[in-house]
Amino acid sequence: MLHSAAFEFESRSTLHQALQRYKQGRADFSDYLIGVIARQAGCTETVSFDSKLKAEKGFRFLE
């Protein structure tokens, strides 16, 4: 999809960052995308109930 002219994205850079984290991590792509967008907005961490993000930098797991 990223290389198709049929799709337009707000920020390809944001997608690439999230994709790299997804490839290296254990959580879903959408979690990493939310985290990257939050960091770009100035947040220091993204809070989640997803235990797959427990040890991920930039995320805080709520039990």
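A nonpolar core is a set of buried Ala, Val, Leu, Ile, Met, Phe, Trp, Tyr and Cys residues joined through side-chain atoms within 4.5 Å. Buried here means under 20% relative accessible area, exposed means over 50%, and partly exposed is in between (1.4 Å probe, protein chains only). With that in hand, the largest nonpolar core in this structure is made up of 6 residues: Ala 18, Ala 27, Tyr 32, Val 36, Leu 53 and Phe 59.

This is a predicted model, where local features need pLDDT of at least 70, side-chain atom pairs count only at pLDDT 80 or more, and totals for chains, interfaces and linings use all residues. Residues are numbered from 1 along each chain as its sequence is written, and side-chain values use heavy atoms, with hydrogens and water left out.

**The overall layout**

- The protein chain has 2 helices and 2 strands, and they come in the pattern α-α-β-β when you read along the sequence.
- Helices (H or I, at least four residues) and strands (E, at least two) are DSSP runs, numbered from the N terminus.
- Taken along the principal axes, the C-alpha atoms of the protein chain fill a box of roughly 40 × 25 × 15 Å.
- Of the 63 residues in the protein chain, 30% are buried.
- The accessible surface of the protein chain is about 4,700 Å², and 53% of that belongs to carbon and sulfur atoms; such areas come from the Shrake-Rupley method with a 1.4 Å probe, and for residues only the protein chains shown count as cover.
- Take the contacts (heavy atoms within 4.5 Å) in the protein chain between residues at least 6 apart in sequence: 22% of them join residues at least 24 apart.

**Around the core**

- In soluble globular proteins, nonpolar side chains tend to be buried together.
- Val 36, one of the core residues, is in contact with Thr 14, Gln 17 and Ala 18, leaving aside its neighbours within four places in sequence.
- Asp 31 sits in helix α2 (residues 29-40) and touches Asp 50, Leu 53 and Phe 59, not counting residues up to four places away in sequence.

**Charges and salt bridges**

- The structure holds 2 salt bridges, a salt bridge being a side-chain nitrogen of Lys or Arg within 4 Å of a carboxyl oxygen of Asp or Glu.
- One of them joins the side chains of Arg 21 and Glu 56 (3.2 Å, N to O). Arg 21 lies in helix α1 (residues 12-24) and Glu 56 in the loop between β1 (46-48) and β2, so this pair ties together parts that are 35 residues apart in sequence. Both Arg 21 and Glu 56 are buried.
- Another brings together the side chains of Glu 45 and Arg 60 (2.7 Å, N to O). This pair links distant parts of the chain, with Glu 45 in the loop between α2 and β1 and Arg 60 in strand β2, 15 residues apart.
- Glu 45 counts as partly exposed because its relative accessibility is 35%, and Arg 60 is partly exposed too, with a relative accessible area of 40%.
- Asp 31 is buried yet has no salt bridge, and the nearest side chain of opposite charge, Lys 52, is 6.8 Å away. For charge, Lys and Arg count as positive and Asp and Glu as negative, while His and the chain ends are not counted.

- Val 47, Phe 49 and Leu 62 make a nonpolar surface patch of about 290 Å².
- Patches are made of residues with over 30% relative accessible area and no salt bridge; like charges are joined within 9 Å, and nonpolar side chains (Val, Leu, Ile, Met, Phe, Trp, Tyr) within 5 Å.
- Leu 62 is in the segment after β2 (59-61), and it counts as partly exposed because its relative accessibility is 31%.

**Some single residues to look up**

- Thr 46 is in strand β1 and counts as buried, at 11% relative accessibility.
- Leaving aside neighbours within four places in sequence, Thr 46 is in contact with Ile 34, Gly 35, Ala 38, Gly 58, Phe 59 and Arg 60.
- Lys 57 has its place in the loop between β1 and β2 and counts as exposed, at 72% relative accessibility.
- Lys 57 and Gly 35 are 22 residues apart in sequence, and 9.7 Å apart in space, C-alpha to C-alpha.
- Ala 5 is found in the segment before α1 and is exposed, with a relative accessible area of 81%.
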